Amino acid sequence: MTKIINSLKISLLIVGAIIGAGFITGREIMRFFYGSNPIFSFIVVFVLFFALIFFFFSVKSKVLLDIISKGSVLIYFFNVLIMASMLGATDSLAKSLFNIDEKLPVFSILLLLLSTAVTFGGIEKVEVVSVVLVPFMLFIFFLSIFSVENKQLNLAYGDYSVVNKIGYVTMNVFLCQPFLQKVKKEKEKFSPFLVAIISAIILSLAIFALISVLSKECISCDIPLILLINGNKYLIFLLSVVIIASIFTTLVSLQYSYLIKINEKSNYLIIIAVSVIAFIISRMGFFVIVDKIYPIIAKISAFYYAFIIAISLIISLKEQRKHTLAQPRHTKSRYSSLQGRVLKPAHRKR
């Protein structure tokens with residue numbers, strides 16, 4: 001039972017880390033999936049998310065684990081950009097809802113301070129945030145999708161290319177990698193298969209739902225989903241709360257990945273430095289970061305995981321070859337062979 005509960009908690013942690021502002025607003029999905037066939041997209045995204053998450057949590061090779069750890073150093077740099085996009089989205093939301101100038105980033109600063117406080121509470125507090133917020137986020141998200149009129153879902157037509165889809169999935173797992181490494185170390189009893197399948201189902205269904213409502217009107221707007229449900233004030237309010245919650249869960253996961261050890265003094269300097277740099281970059285604006293920087297990260301992450309998988313296959317083939325070439329051990333037979341028994345002279349009883 002503990003194994004199942006831990007697997008569910010880790011799945012919610014992954015979903016909370018991936019469903020950030022770019023995802024839940026629809027801006028990210030618009031950039032990578034607009035015009036794609038929904039069923040084909042669902043299948044490809046599900047398979048890719050399942051395969052990568054399962055691979056990550058089940059890998060045991062010391063060589064691969066060492067490469068993944070070294071790769072995380074590069075990811076820390078990109079995570080600063082993702083933090084910047086989350087903060088940029090917060091200011092963009094404040095402007096669209098309350099007409100607050102983006103030059104007065106009150107909301108983003110408050111959210112950053114709150115996420116920092118949760119981060120220093122350790123994995124237990126991070127888990128509580130995910131378990132409480134992620135189900136609520138998903139409920140309001142799907143409610144918003146179903147409320148959109150004039151859905152343009154067409155199951156027969158659309159783009160069948162896989163390049164953007166591979167880039168999107170690898171980018172999200174790539175950016176979550178340092179966080180997942182910490183979760184893997186701190187959580188012992190869980191099922192990699194359950195974690196992978198639960199996470200993949202939730203994420204692929206959410207992407208399928210978004211593809212069904214996105215339209216040409218959303219091409220140049222920062223927050224497509226709010227545009228699509230325009231007119232329903234209560235739903236806009238709830239969705240705004242959910243967007244803030246998604247930004248918050250992503251910020252927490254990103255900041256937590258920078259922690260060395262809980263209550264370590266150096267953590268404060270690292271988190272403060274990273275937060276300040278991310279805040280400065282966020283002045284570029286949410287739209288620019290998602291549409292210009294995310295595709296670059298997607299390409300890098302696709303090559304990164306292609307390299308990891310290639311190394312994994314080489315290691316697997318080498319192990320199989322060693323096993324094949326190993327000399328079989330001969331065991332001494334308890335009983336003599338039939339031929340030996342025939343040739344052996346019989347002893348008559350006297």
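Phe42 and Phe46 sit four residues apart in helix α4 (residues 38–58), so about one helical turn separates them. Helices here are DSSP runs of H or I, at least four residues long, numbered from the N terminus. The model is predicted: local features need pLDDT of at least 70, and side-chain atom pairs count only at pLDDT 80 or more. Side-chain values use heavy atoms, without hydrogens and water.

**Aromatic pairs**

Rings of Phe, Tyr and Trp (its six-membered ring) pair if their centres lie within 6.5 Å; planes under 30 degrees apart count as stacked. The whole structure holds 18 aromatic pairs. Two stacked ones follow.

| Pair | Centre to centre | Angle between planes |
|---|---|---|
| Phe42 and Phe46 | 6.4 Å | 15 degrees |
| Phe50 and Phe54 | 5.8 Å | 5 degrees |

Phe50 and Phe54 are also four residues apart in helix α4, about one helical turn. Partly exposed means a relative accessible area between the buried limit (under 20%) and the exposed limit (over 50%), with a 1.4 Å probe and protein chains only. Phe42 is partly exposed at 27%. Phe46 is partly exposed at 22%, and Phe54 is partly exposed at 32%. Ring pairs join Phe42, Phe46, Phe50, Phe54, Phe193 and Phe208 in a cluster.

**Nonpolar patch**

A nonpolar surface patch covers about 760 Å²; Leu97, Phe98 and Leu104 are among its residues. Patch residues have over 30% relative accessible area and no salt bridge, and nonpolar side chains are joined within 5 Å. A salt bridge is a side-chain nitrogen of Lys or Arg within 4 Å of a carboxyl oxygen of Asp or Glu. Accessible areas come from the Shrake-Rupley method with a 1.4 Å probe. Helix α6 gives the largest share, five residues. Leu104 lies in the loop between α5 and α6. Leu104 is exposed, at 55%.

Technical notes
Residues are numbered from 1 along each chain as its sequence is written. Patches are made of residues with over 30% relative accessible area and no salt bridge: like charges are joined within 9 Å, nonpolar side chains (Val, Leu, Ile, Met, Phe, Trp, Tyr) within 5 Å. Helices (H or I, at least four residues) and strands (E, at least two) are DSSP runs, numbered from the N terminus. Rings of Phe, Tyr and Trp (its six-membered ring) pair if their centres lie within 6.5 Å; planes under 30 degrees apart count as stacked, over 60 as edge-to-face and the rest as tilted.
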